Amino acid sequence: MLRPISVDETWIEHIAIGVDGPPEVEAVNRERLRIHEHVQGPFGFGTPDDAEGWDRVQRGARGAPEMPILINRGLARETTGPDGRPTSHVTDETGMRAAYAKWKEMMSDA
């Protein structure tokens, strides 16, 4: 979960989600937690790369506020679905555009 705190601070939180049910699902939940720790824990194989990327984005945005962040992959083929939400291909950066638009909205209302 990414939670904007201010224009130069974001709280990043990883949450492991388990399933609810009879006692035998506890083994499944323990395995899911171990996988989550392996990927998103402080020494997981995903977190260090992600943290580096987030740090570079923050430094880049601070360095030149007028500098655009290119997140245009799939922009030309993006359409709106019947529910009003954008539809796109799995490799498109639609979600990133939505996240930045929401961040801008939240920071503008502060």
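With a relative accessibility of 48%, Arg-77 counts as partly exposed. In this predicted model, the side chain of Arg-77 meets that of Asp-92 in a salt bridge, with an N to O distance of 2.5 Å. Asp-92 belongs to the loop between β4 and α3 and Arg-77 to the loop between α2 and β3, so the pair ties together parts that lie 15 residues apart in sequence. Side chains of opposite charge can pair when their charged atoms come close.

Besides the polar contact with the side chain of Arg-77 at 2.5 Å, the side chain of Asp-92 reaches the backbone nitrogen of His-89 at 2.9 Å. When neighbours within four places in sequence are left aside, Asp-92 is in contact with Arg-73, Gly-74 and Arg-77.

In total, the structure holds 5 salt bridges. One of these joins Lys-102 to Glu-105, with the closest N and O atoms 3.3 Å apart. Lys-102 and Glu-105 are 3 residues apart in helix α3, which means that about one helical turn separates them. Lys-102, at 42% relative accessibility, counts as partly exposed, and Glu-105 is likewise partly exposed, with a relative accessible area of 42%. A further salt bridge links Arg-85 and Asp-83, whose closest N and O atoms are 4.0 Å apart. Arg-85 is exposed at a relative accessible area of 57%, and Asp-83 is exposed at 53%.

Helix α3 also contains Met-96, which is partly exposed with a relative accessible area of 40%. Together with Val-57, Ile-69 and Tyr-100, Met-96 forms a nonpolar patch on the surface, and the accessible area of these residues together is about 320 Å².

Strands β1 (residues 2-6) and β2 (residues 9-12) pair in the antiparallel sense over 4 bridges.

Ala-76 is located in the loop between α2 (47-63) and β3 (79-80). Its relative accessible area of 86% makes Ala-76 exposed, since the class requires over 50%. Between Ala-76 and Glu-9, the C-alpha to C-alpha distance is 32 Å, and the two residues are 67 residues apart in sequence.

Key:
Residues numbered from 1 in each chain as written. Predicted model: local features only at pLDDT ≥ 70, side-chain atom pairs only at ≥ 80, totals over all residues. Heavy atoms only, no water. Helix = DSSP H or I, 4+ residues; strand = E, 2+ residues; numbered from the N terminus. Buried < 20%, exposed > 50% of the residue type's maximum accessible area, 1.4 Å probe, protein only. Pairing = 2+ DSSP bridges. Polar contact = N/O pair within 3.5 Å; in protein donor to acceptor, adjacent residues only side chain to side chain. Contact = heavy atoms within 4.5 Å. Patch = residues over 30% accessible without salt bridge, like charges linked within 9 Å, V, L, I, M, F, W, Y side chains within 5 Å. Areas by Shrake-Rupley, 256 points an atom, 1.4 Å probe, with all protein chains shown as cover.
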